[in-house]
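Colleague: I would like to go through this model with you. Could we begin with the terms and then look at the details?

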Amino acid sequence: MTQDELFKVLVAHCKEYGFIFPSSEIYDGLAAVYDYGQNGVELKNNIKSYWWAAMTRLHENIVGIDSCVFMHPKTWVASGHVAAFNDPLIDNKDSKKRYRADNLIEDYLGKIEEKIEKEVAKGRKRFGDAFNEEQFRATNPNVLREKTKYDEVHARYLEAENNNDLKAYRDIIMDCGIVCPISGTANWTDVRQFNLMFSTAISNTGASDDKIYLRPETAQGIFVEYLNVQKTGRMKIPFGIAQIGKAFRNEIVARQFIFRMREFEQMEMEFFCRPGTEMEWFNKWKENRMKWHVSLGMGAGNYRFHDHEKLAHYANAATDIEFNFPFGFKELEGIHSRTDFDLGNHQRLSGKKIQYFDPETNESYVPYCVETSIGVDRMFLAVLSHSYKMEKLEGGDSRVVLSIPAPLAPVKVAVLPLVNKDGLPEKAQEVMNELRFDFRCQYDPKDSIGKRYRRQDAIGTPFCVTIDNDTMNDNSVTVRERDTMEQKRVPIAELRSIIDKEVNMNNLLRKL
Ligand code: ATP
């Protein structure tokens, strides 16, 4: 199965098992807007809990807030979003499909990189132990040809980005022969700027000065509450403010399921520090956030840093943590050193003094800020795409299993009476009543035990507990583990601790 097909299967699985539904599906859906179903919301909440605990419980100097989606319109002038939150868009006249010009070029560059890596892999296979990768990359004619092409296009792309030169974007697309994947033609329009903010009106007068925006990031809520939190929380620099909340962007291209949505959720933390110390904090937060990801056990090799060559107007350093999604390595989280750009601009536009008096240096200053910003939905997609497995079993059978990290699984334990009689359902309810205070449990009395196991595998339940006739005599049950499918007999009295050992989120937190 190709990665593309696998992705389609995953999307279908998400719907079939109550993880994600297209929004307003009875009206044929709404592009790039999705609802989370009964299992999806649990996984999503667990991701958020893990992040929230890692930020606010493991750091005494990080507190959380919950600010509103609607903010004073001047917020977005100060943040630069009114003037500069634009993407370059281009339309294909034949397919009528719209694309981000920068993404078309990035994909083109990505394909060249893939070609180079394929050549290197071929070389490695051919030369075996004698393979010298550095020498191969420096001398192989195919690699050199692709590398020259890459460097040329990349240099032009950076220049176009830096100068915000829309014509230059189009020239690159035409010169490289980049075609629309739908129509296969290069019949492109000019490139135009497109502001990504949604707007609405706050009152019903409809006057233009009533216009307000749906926040395109949660960070500004933190900046405008900086003074309140610092004063009321008696926070001393360095300290951080964390927030989880919805953000809205009128994305031009929204074709990658929940990777790019128009309404999505962010988990952002702004860490305020003394000017001049920001690079130290930037590096610490890079390390800290990578550790958080790797702690989930989804393979350190599936993450990489991608340092930004072109910095946003507010940043003096920036990197992305990229994840190996089914469609390649893509941004999962951004870490930015935002200087005093945001607080400084809010100070200027609001006329309120946003300064910190540092008792250690006897100076007042606008704090510098390092931001970590991750999309909940992208994290959800990373977990699900990594967890989804089709396995062949002994005897020709097969199963689909979601090997979701156990503390994040929507249901932690399924309680299954072997038969729906002889007092087994009542006993199963007794076990449920014992476990439900610690774990999210599901009771399932229907169908053969094999079918019930498959149903739980498909939603990633780490444990199934089967109640049978012996249970009635000796108070023992069969516990089946999701990934190994191993079964063992254990006393009911030990169930809680056996399950807890695997699913307790503190196990993850202790690794940080
Ligand atoms: P991209 O380059 O992919 O558009 P970005 O650099 O604009 O992302 P940021 O503004 O840094 O993204 O936002 C921080 C995080 O929010 C991203 O790393 C991503 O996880 C998430 N995010 C941003 N836009 C979306 C979206 N449209 N849908 C889902 N998640 C998003």
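Modeller: Two strands are said to pair if DSSP finds at least two bridges between them. Please keep in mind that this is a predicted model.

Colleague: How many bridges join β21 to β22, then?

Modeller: There are 4 bridges between strand β21, residues 463-467, and strand β22, residues 476-481, and the two run antiparallel. In this pairing, F463 stands opposite E481 of β22.

Colleague: Which order do the strands of that sheet follow?

Modeller: The sheet is open and has 5 strands in the order β20-β19-β21-β22-β23, with mixed pairing. Its edge strands are β20 (441-443) and β23 (487-491), each of which pairs on one side only. On average, neighbouring strands are turned by 25° against each other, direction ignored.

Colleague: Which helix packs on the sheet?

Modeller: Helix α15, residues 449-459, packs there and touches β19 (413-417), β20, β21, β22 and β23. The direction of α15 makes about 170° with that of β19.

Colleague: Changing topic: where is M505 placed?

Modeller: M505 lies in helix α18, which covers residues 505-510.

Colleague: Why does M505 count as buried?

Modeller: Its relative accessibility is 15%, and buried means under 20%; therefore M505 counts as buried.

Colleague: And what is M505 in contact with, leaving aside neighbours within four places in sequence?

Modeller: With that exclusion, M505 is in contact with N46, S49, Y50, P407 and L408.

How values were computed
Residues numbered from 1 in each chain as written. Predicted model: local features only at pLDDT ≥ 70, side-chain atom pairs only at ≥ 80, totals over all residues. Heavy atoms only, no water. Buried < 20%, exposed > 50% of the residue type's maximum accessible area, 1.4 Å probe, protein only. Contact = heavy atoms within 4.5 Å. Axes fitted to C-alpha atoms, helices over the stretch in contact; angles between N-to-C directions.
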